[in-house]
Amino acid sequence: MTTRKMVFVDTSLCTGCKGCSVACKAWNELPAEKTKLIYGYISQDSTTPTTWTYMSYHEKYENGKMHFLMMKHQCYHCGDPACMKACPVGAISQTDSGYVLINQDKCIGCGYCVANCPWGIPKTDETKNKTYKCTGCIDRVENGLKPACVSTCQPGALQFGDREAMLQTAKARLEEVKKSYPKANLYGENLMGGTTYVYLLLDEPEVYGLPANPTVPSSLTFWKDIIQPYGGWLIPLAGAAAIGSFFSTRLINAASSKSKGGKTHGH
Amino acid sequence: MSPSFGRGAMTNSWQDMQNSEVFLIAGSNCAECHPIAWKWINRARLKGAKVIVVDPRFTRTASKADIFAQIRPGTDIAYLGAIIKYIIDNKLYDDYYVKTFTNALYKINKDFKFEDGMFSGFNSETKKYSYSTWSYQLDANNNPIKADSLDDPDCAFTKLKEHFSRYTFELAEQITGIPAAKIKEIAEVFCSRRPGNILYALGMTQHTTAVQGIRCYAIIQLLLGNMGKAGGGIQALRGEPNVQGSTDMANLNANLPGYIPYPTNAEKTLQHFAAKHGTAQYRPMVAILKAWFGQNATAANDYGYDWLPKNNPANMPTQTQFFGQMEKGQFKLLFNFGSNSTVSIPDRKIVARGLSKLDMLVVTDIFETETAQFWREPGMKPEDIQTEVIFLPAAFVYEKAGTMTNSSRLIQWKEAALKPLNESLPDLDIIDLIFKKIRELYAGSTDPKDNAILKANWDYGKHADPYKVLEEINGYNDNTGKLISSLAEYLNAPIGTVSTGCWIYAGVTGSGNLANQRNNSDPTGLGLNKDYAYAWPGNIRVLYNRASCDANGQPVDEKRKLIWWDAAQGVWTGYDGPDVVDKTKGPDTPEGKVAFKQTPEGVGRLFTASYTSGVPVAATVELPVPTRSAGMTVDGPLPEFYEPIESPTANILHPNVQNNPCAKIISTEFGSPEEYPHVLTTYGVVEHFCAGAITRNIPWLNEIMPEPFAEISKSLAKKIGVKEGDKVEVSSARGKLTVRAIVTDRLQPYKVNGKEVETIGMPWSWGFASLSPGPSTNNVTMAAIDPGAGTPEYKCCLVNIRRA
C-alpha cells in the first residue's frame, strides 16, 4: 500500500510570487484567462475550471505594524472528502496516497462536489458539463516527480513528501515560527479527515478568509452513508426522484452560502 | 564599489547568502524581484539570521523582515551616515581589520576640505571636481604616509569621523522620515551580528546620488570587517540575468571589455594611454587589441591602437542622454538589440523625438516592441517621421547557445534547446552577417579610418559559433600557440605575447569549457560549488577573501573558513581560490597583507583618494608608466546627502546646495512641491520583466498581473476621495497617465522636516503595444542621472494625483 503523501505549505517562507500558479497552468496545459485586478495584487480570487491554484494576499495593520500575509489556494485533497461523498455518479475517488481525483469520463458536471466542498474549490465548466480541480499532479507524483507547484517554488515554501515525515517537519517549523508569530498554527492536519495540503499559517485562519472548522455537511453524511448504500433498491421506488431532488437542493443552498464566506479577503 | 574595492561587482554569491547572520536589504525587493536570492536568504533565516528591510513601501520582502523601516525615496545616505557615525562613536569597528585592510590610517592632503555641502576643487562651470586635493600625503617614493593611530587629525579615519559627525539619528529622522529610534535599532542589530550582508538593486542605484549611496555600504562593511568573508560583502543584485555579463563586455560607454578605460582623444597613442592609466590597464589593453586585430596587431604598430575610435569626453552621451543628441542630428543610425527604450527611458517622450530624427532604426527583438513601432503610438504623426524602421526577428534565450554571467560573476554556458522559429536568428548570427557584409562593402578602402573594419580579426565560422567567441575572450598565448590555461598565465606572460578579449575571463576555456561544468557538489557546506561553471576572476567565489584571515594568515571565522596560509607548503590555499597578489607570498610579506589588490594602495578605501601607485616602466614603453590608478567617485571622496532633483523639502544639511552639484540633468520641466506635493517611486513587479517586451506577450503572466496601478496610502486616498479600484490620474511637470488605484496600509504618510509627505508607488513595465498594453509610468519620471554611473533617478520625482 502506498503511504499517504503531503504538501507542506509554509506561508512564513512564501513570497507570493505566483510561480506556483504559472507552473500549474504550464504542466496541466491550462489556458490563461482574461483578468483585471480585483484587489491589491490579486487578479484571481477563486479557482475556475482552468485555474486550479491561485495566490491570495491579506493585509492587517495593527499598532503601527504591517502584516502582509500570503497563501496559495488549491484542492486540499481531504482525508474525508465531502466532494467524493457528494458525487452521485461515483466519478470522484481517493488514492492510497491521499489524492482526490475526478474521473472526467464519469463526471456529469452536476456541481454537487462544487457545492459541498467547504472551500468551494472544484468548478464546473458549464459548456462541457465537467468539473475540474487540482489533481495534485498525480501524473507527476506517480512518476517520481514533485507536483509542479512544489517543484517551481524557489523560496522553499512548498515541500512534498510522506505525510508522517512532512507533519514532523511542519510541527518543528511551527514551534520556531511561533516565537515571532504567536498566533501561528497548522491548518489541515486534522481537518476533513486530515488534508494532503497542510498549511503553516501566521495568523488565525479567518484572517486568510478560511473557515476555521470546515466540516462535511451532516445532511451529506446522511445522503452518502445512509441513503446511497440502499440506492440499489430505493431508486426504483416511486418516491426516489423526489427525495433526491429534495436533498440536492438543500445541499447546494447550504454549501454555497458557506463557500461565499470562505472567499472574503481579510485586509 | 570599484572606487572602494577595485572591482565593480557583487562580492559574494547567491549561495553564500546562507552563511549570513544578518541582512540589510535596502534598495532591493529581492523576495519579489530576485526570487533566487530569497531562496538562500530563507536558508539563513531558518538558521536564525535577522532580516532588516528599508524601503519606501512595505514590499513582499518587507513582509518577511524582522525590522522594517519606511524611508522617503532618495534619502538613504542620511540614515546610512547615521549608522556610520554610530559605528565610529561606539567603537564598533573591527580595529585590526580597519588598520590592516583599509586606508583608515593614510594621511589626507591638508588642503582637502568640505564646507557648506561642497568638497574642495569644484568648477562651477563644468560642474566637475578637480581631484587634486582629494589626495594622500606622499613620501619620497610616492607611497602614502600612514599615521600611527586612528586619532591622527590628518588620517582618512578622522576625515570620515568628522564628515559624519553631523549625521545624528535625529537629523536622519528629519530627512528620511524613519523614526530615530528605528534607525538606532537597525544600527544595533546590523552591527551586533557578524558576518552581515548588504543587498541592493536598482532601489539604490536609480538616484542622482547612486554611487555615494553604495559608498556608504562600502564604508559600513569595511568598518565592520564584513568584506571578503563568507556571509558578508555587498551584493549588487543585477536587474537582468546577464547584466553582469554585458557590463563585463563593456555596455558602459567609458569602458572596453574587462573594465579597461575606453581611450579618449587625449590619449593619442598607446604610450599616452599607458601613462594615464598605468601598467595595470596597459597589459589588458594590449591583450584586447591582439584579440581584436589578431595577426595585424604588432608591437611595431602599437597593436592597432590607432585603429580604435577614441571617445570625446566632452560628448559622451549615456543611453538616457543620447536621444537628445539624436534629436539634434548627431546620430543617423541606431542598432537597438533587446532594449525597449520607448517604455524604459525616464521622461520617455525624449525617445520618440530622437528616434524620429534618425535615417534608420534597426530593432532586433523577439516581439514587435513599442520601440520597434514607436511611430504607431497614439499622438505620433507617422507622416512627419522619415525614419526607416527595420525589424530583425531574434532568437529567444532557449534558441541560442552561449554564456550568461549572473550577479555572482558566474559564467554559465548553455546550449540551444530549440531551433529558432522561422527566420529568427541568434544575435551573434545577426551581428556576424552584418559585419561580414559591411567588410565586403569596405574592401579595398585605403582610408585610415576604415582600418578598424578591414583589420579586425573576425572568424567565427560560416555560421558564427559562440564557442569560438568565448575562446577569443579566453585568449591565446603566442608562445605556445594555445589557449591561455588560466588567469595566472595571462598575468605572468610578457606584455604583447598573449591576447584576451576580456582579461577577467581568462582561463574560462583554458582546460575545456569550464563555463559548462555542472558538478553541483559542495563539500564545505558554504555554497562555494567550485566545480559548477566558472566565476571570474580565476574562479574566486568570494572576492577579497584574503581579508577573512588574521595576521598569521589563518581564518578568523573557523566555521566559515575560505582560505589560509599553509606555512609548511609556503602557499595560500583553501576551499575558495585565494584572492591574493601572489600565492607564494606569506602574510609576513607586504604582498601577503594585500586584500584589495585591484586598488592602487592594496586596501579598501574608506576615503576614495586620487592616487596612482608605483614606479615607472615597462620595457616596451618610453613614457614613465605607473602601475595602477585609483577608481574615483566623481562627486566626492566621502558620501554626502543631497536631496533628489525634485524633492518635497529643502536640504537641511546645507540649504544652498540642495542637489548633487555634479548631477547631469536632461529633463527640462520641473515641478515644485506646491504643485506636485507627493513623491513618486517606480519599480518592477515579479510578474513582469523590465519594459515588459517579453512578459506582456505571455498570457499566463498577463493573467496574474493584468494592468499597471498606483499604490497609495489610505490617508492619501481619503484626501483625494479615491477608493480601491478607482482610476487615478498621476501627473508631473513632464507628463501624466491614468491607472487603477490600490489603496493600502503598506504605504504610510511620514514627516519630513515637520511636514507630512506621501509616497506613491507605481510599476513601470507597461507600454502601448503587446498582448497587454497599458500606460507607461515613464511619462512622468525624470531624466536626471548620477554623474558617475549614469543611472537615471527613476526612484523619486514629484507628482500630483487626482481621481480620474
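Which residue stands opposite A:V9 in β8(A)?

1. The model is predicted. Everything that follows should be read as a description of that model.

2. To the opening question: the residue in β8(A) that stands opposite A:V9 is A:L158. Strand β1 of chain A covers residues 5-10 and pairs with β8(A) in the antiparallel sense, over five bridges.

3. These two strands belong to an open sheet of four strands in chain A, ordered β8-β1-β10-β9, in which the pairing is mixed. At the edges are β8 (158-162) and β9 (185-187) of chain A, each of which pairs on one side only. On average, and ignoring direction, neighbouring strands of this sheet are turned by 25 degrees against each other. As background, strands of a sheet pair through backbone hydrogen bonds, in either the parallel or the antiparallel sense.

4. Chain B is divided into domain 1 (2-241), domain 2 (319-402 + 420-442) and domain 3 (664-803). Between the C-alpha centres of domain 1 and domain 2 of chain B the separation is 39 Å.

5. Two helices of chain B deserve a point of their own. Helix α4 (residues 76-89) of chain B packs against helix α8 (residues 180-192) of chain B at an angle of about 55 degrees, and their axes are 10 Å apart. α4(B) and α8(B) are therefore oblique to each other. The crossing of α4(B) past α8(B) is right-handed. On the α4(B) side the contact is made by B:Y79, B:A82, B:I83, B:Y86 and B:I87, and on the α8(B) side by B:I183, B:I186, B:A187 and B:C191. Sorted by class, this contact of α4(B) with α8(B) has nine nonpolar residues, no polar residues and no charged residues.

6. Chain B also has an open sheet of three strands, in the order β12-β13-β14, with parallel pairing. Its edge strands are β12 (333-337) and β14 (388-393) of chain B, each pairing on one side only. Here neighbouring strands are turned by 15 degrees against each other on average, direction ignored.

7. The pairings within this sheet can be followed residue by residue. β12(B) and β13(B) run parallel and are joined by five bridges; B:N336 stands opposite B:V363 in β13(B). Strand β13 (residues 360-365) of chain B is in turn joined to β14(B) by six bridges, again running parallel. In β14(B), B:F391 is the residue opposite B:V363, while B:P393 is the residue opposite B:D365.

8. Strand β15 (residues 402-405) of chain B pairs with strand β16 (residues 410-414) of chain B in the antiparallel sense over four bridges. The bridge partner of B:T403 in β16(B) is B:W413. β15(B) and β16(B) form a hairpin with four residues between them, and in the turn B:R409 has a positive phi of about 65 degrees.

9. Last, the contact between the chains: 27 residues of chain B are in contact with 23 residues of chain A. On the side of chain B that touches chain A, the elements giving two or more residues are α2 (30-33), α3 (35-46), α21 (699-704) and β28 (736-744) of chain B. The residues of that side of chain B divide into 13 nonpolar, four polar and 10 charged.

Terms used:
Residues numbered from 1 in each chain as written. Chains lettered and ligands numbered in written order. Predicted model: local features only at pLDDT ≥ 70, side-chain atom pairs only at ≥ 80, totals over all residues. Axes fitted to C-alpha atoms, helices over the stretch in contact; angles between N-to-C directions. Parallel < 35°, antiparallel > 145°, perpendicular 65-115°, else oblique. Left-handed = near helix turned anticlockwise from the far one by under 90°. Contact = placed C-beta atoms within 7 Å. Nonpolar A, V, L, I, M, F, W, Y, C, P; charged D, E, K, R; others polar. Domains from an automatic or database assignment. Pairing = 2+ DSSP bridges.
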